[in-house]
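Notebook open, viewer loaded. I'm jotting down what I look up as I go.

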2 protein chains.
Amino acid sequence: MGKRRQRPGVQERFGYAVRSRRESLHLTQEDLAEKAGIHRTYLSDIERGTRNPSLVNIDRIATSLDLSLPELFVLVVSG
Amino acid sequence: MGKRRQRPGVQERFGYAVRSRRESLHLTQEDLAEKAGIHRTYLSDIERGTRNPSLVNIDRIATSLDLSLPELFVLVVSG
């Protein structure tokens with residue numbers, strides 16, 4: 001069998017969605033972290049897919065990206 | 001001013017959605033916990049809104065409820 005590219009895990013897909021939306025809003029990581037009340041390095045780790053964020057922080061990030069939770073997760077699953 | 005009922009937090013709304021969907025599938029807490037690979041008492045706490053589940057566990061729960069992540073969060077926000 002040939003090589004297969006593994007489907008990114010949910011942390012990676014979530015991080016990619018957050019970064020894409022943040023950039024489309026022309027927000028820096030510092031801007032978004034401050035809006036969401038989380039630390040900038042924690043947000044950076046979330047965007048790189050190396051953190052497993054909690055529901056409460058996911059909700060804060062969605063609000064700070066002007067998205068409902070379903071809207072944010074549509075971006076996560078649509079890649 | 002009169003009394004106001006406070007809007008439930010995201011943990012409570014999430015827990016209510018999980019319980020409602022689980023019951024509509026005629027699954028016990030033990031059934032769902034086993035499918036999702038989480039402990040039954042942890043699931044019970046999530047349903048009561050006293051836990052702040054992580055993205056990875058949210059994803060496992062959604063899959064075990066035969067829902068996509070956007071579908072699960074539509075239930076969360078629609079109450």
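Is Arg51(B) buried, partly exposed or exposed? I looked it up: Arg51(B) has a relative accessible area of 37%, so it goes down as partly exposed. For the cut-offs, buried means under 20% relative accessible area, exposed means over 50%, and partly exposed is in between, with a 1.4 Å probe and protein chains only.

Ground rules before I go further. This is a predicted model, where local features need pLDDT of at least 70, side-chain atom pairs count only at pLDDT 80 or more, and totals for chains, interfaces and linings use all residues. Residues are numbered from 1 along each chain as its sequence is written, chains are lettered from A and ligands numbered from 1 in the order in which they are written, and side-chain values use heavy atoms, with hydrogens and water left out.

**Entry: Arg51(B)**

I placed Arg51(B) in the loop between α3 (40–48) and α4 of chain B. Helices here are DSSP runs (H or I, at least four residues), strands are E runs of at least two, and both are numbered from the N terminus. Leaving out residues up to four places away in sequence, Arg51(B) touches Gln11(B), Tyr42(B), Asp45(B) and Ile46(B). Contact means heavy atoms within 4.5 Å. I also checked Val10(B): it sits 41 residues from Arg51(B) along the chain, and their C-alpha atoms are separated by 10 Å.

**Entry: chain A overall**

I counted 5 helices and 0 strands in chain A, and the pattern along the sequence reads α-α-α-α-α. The C-alpha trace spans about 45 × 25 × 25 Å along its principal axes. Does the radius of gyration agree with a compact globule, or disagree? It agrees, because a compact globule of 79 residues would have a radius of gyration near 12 Å and chain A has 13 Å. That radius is taken over C-alpha atoms, and the globule rule is 2.2 Å times the number of residues to the power 0.38. Of the 79 residues in chain A, 46% count as buried. I took the contacts between residues at least 6 apart in sequence, and 55% of them join residues at least 24 apart.

**Entry: Gln11(A)**

Gln11(A) is in helix α1 (residues 10–24) of chain A. Its relative accessibility is 18%, so Gln11(A) counts as buried. Which backbone oxygens lie by polar atoms of its side chain? I found that of Gly49(A) at 3.0 Å and that of Arg51(A) at 3.1 Å. The polar contact rule asks for a pair of N or O atoms within 3.5 Å; within protein, one must be able to donate a hydrogen and the other to accept it, and residues adjacent in sequence count only if both atoms are side-chain atoms. Not counting residues up to four places away, Gln11(A) touches Ile46(A), Gly49(A), Thr50(A), Arg51(A), Asn52(A), Leu55(B) and Val56(B).

**Entry: positive phi in chain A**

Most residues other than glycine have a negative phi, and most peptide bonds are trans. I noted His26(A) with a positive phi near 60°; His26(A) is in the loop between α1 and α2 (29–36) and is exposed at 71% relative accessibility. Asp66(A) has a positive phi too, near 55°. I found Asp66(A) in the loop between α4 (55–64) and α5 (69–78), exposed at 55%.

**Entry: helix packing**

I looked up α2(A) and α4(A): they pack at an angle of about 120°, with axes 8 Å apart. Axes are lines fitted to C-alpha atoms, for helices over the stretch in contact, and angles run from 0 to 180 degrees between N-to-C directions. The crossing of α2(A) and α4(A) is right-handed. A crossing is right-handed if the near helix is turned clockwise from the far one by less than a right angle, and left-handed if anticlockwise. Leu32(A), Lys35(A) and Ala36(A) of α2(A) meet Arg60(A), Ile61(A) and Ser64(A) of α4(A). By class that contact splits into 3 nonpolar, 1 polar and 2 charged residues. Ala, Val, Leu, Ile, Met, Phe, Trp, Tyr, Cys and Pro count as nonpolar, Asp, Glu, Lys and Arg as charged, and the others, Gly among them, as polar.

In chain B I checked helix α1 (residues 10–24) against helix α5 (residues 69–78): the angle is about 115° and the axes are 8 Å apart. α1(B) passes α5(B) in a right-handed crossing. Among the residues making the contact are Phe14(B) and Ala17(B) of α1(B) and Leu72(B) and Phe73(B) of α5(B).
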